[in-house]
Amino acid sequence: MPYFEVGWAQKWAQSNGVKHTISDERIQGIACGADDFLSKPVNSQELLARTRSLLRLKAFTDELENAETVLFSLALSIEAKDPYTKGHCDRLANYSVAMADRLGLPQEQGIALRRVGIVHDIGKIAVPEHILVKKGPLTSDEWAVMKQHPGVGERICSPLKSFRFVPQIIRHHHEKMDGSGYPDGLKGDQIPLGARILQVTDVFDALTTDRPYRAALPRGFAIATMREEAGRGWWDSSLVEELVAIVTGSQKLVAEAEVPVGR
Ligand SMILES: [Fe+2]
């Protein structure tokens, strides 16, 4: 917790002939990252009370960090069950934050997207391993179990107040723009923006990495697939284009290739 001695800015202002007030320097101090102020001469009772208050705050922050760490570890342990998804959560977090930056979203949304990139599939803890890593297509009963993971993930993350925005993104990360997704069949703008962002990053990463049933697709091919699927009514096409801008930078797309069959 950084501290700035009250008076530093005033001394600087006086030596530079600038009009300055205590209020100004408090504002400047906060802007520079100060968490608290102590006026000199220091009152020992006040110092003691403030120190106790800050220690309570630190204990609370540590507790929160511990809870978050447990959830992140749990999410990564689920990811580790499937060798084909190694690094998927980290990449998703990075893509999603890049999208939040590009769209100029508030900082708290960017933080939520980073967290949700890691924990979005935490609800798969409730999905038996033989379903989770099954190489062939799932039966309808197995699909019914798999489709519960967004709701389970939402319930796991809801009690954590610092995870504001995260539970609703988790719940809706498998919705589709045309209403054919799950669990609630939301359409278009009914799907939270964070969930729509996560969807396009999730799909892009899935397409461009190796899977048990196919090798990673070339980037241009994956983009063509996503554009086709957005046209079909699955993904938010404007967000697909934002992601394309991020992953291609200034490079021209290599392939506006035909879309692979079977996805
Ligand atoms: Fe999922």
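In which sense, left-handed or right-handed, does α10 pass α12? The crossing of these helices is right-handed. It is shown below, with other views of this predicted model.

**View 1. Overall fold of the chain.** The chain of this predicted model holds twelve helices and zero strands. Along the sequence, its pattern reads α-α-α-α-α-α-α-α-α-α-α-α. Of its 263 residues, 29% count as buried. Take the contacts between residues at least 6 apart in sequence: 62% of them join residues at least 24 apart.

**View 2. Helix α10 against helix α12.** The two axes come within 10 Å. They cross at roughly 50 degrees. α10 and α12 are therefore oblique to each other. From α10, the contact uses R196, I197, V200, T201 and F204. From α12, it uses L239, V240, L243 and V247. By class, seven of the contact residues are nonpolar, one is polar and one is charged.

**View 3. Helix α4 against helix α5.** Helix α4 spans residues 88-103, and helix α5 spans residues 107-119. They pack at an angle of about 160 degrees. Their axes lie 7 Å apart. An angle over 145 degrees counts as roughly antiparallel, so α4 and α5 are roughly antiparallel to each other. The crossing of α4 and α5 is right-handed.

**View 4. Residues between α4 and α5.** On the α4 side, the contact is made by C89, L92, A93, S96, V97, A100 and D101. On the α5 side, Q109, G110, L113, R114, G117 and I118 take part. This contact of α4 with α5 divides into seven nonpolar, four polar and two charged residues.

**View 5. The largest nonpolar core.** This core has 42 residues. Which of them touch the most other members? They are V116, V119, C157, V166, V200, M226 and W235. Several helices each supply at least two residues of the core: α3 (44-80), α4, α5, α8 (149-157), α9 (166-171), α10 (193-207), α11 (219-231) and α12 (237-248). V200 also belongs to the α10 side of the contact with α12.

**View 6. Surroundings of V116.** V116 is among the core residues that touch the most other members. Leaving out residues up to four places away in sequence, V116 touches V166, I169, I170, G194 and L198. One of these partners, V166, is also listed among the core residues with the most touching members.

How values were computed:
Residues numbered from 1 in each chain as written. Predicted model: local features only at pLDDT ≥ 70, side-chain atom pairs only at ≥ 80, totals over all residues. Axes fitted to C-alpha atoms, helices over the stretch in contact; angles between N-to-C directions. Helix = DSSP H or I, 4+ residues; strand = E, 2+ residues; numbered from the N terminus. Parallel < 35°, antiparallel > 145°, perpendicular 65-115°, else oblique. Left-handed = near helix turned anticlockwise from the far one by under 90°. Contact = placed C-beta atoms within 7 Å. Nonpolar A, V, L, I, M, F, W, Y, C, P; charged D, E, K, R; others polar. Core = buried A, V, L, I, M, F, W, Y, C linked by C-beta atoms within 7 Å. Buried ≥ 20, exposed ≤ 12 C-beta atoms within 10 Å, placed from the backbone.
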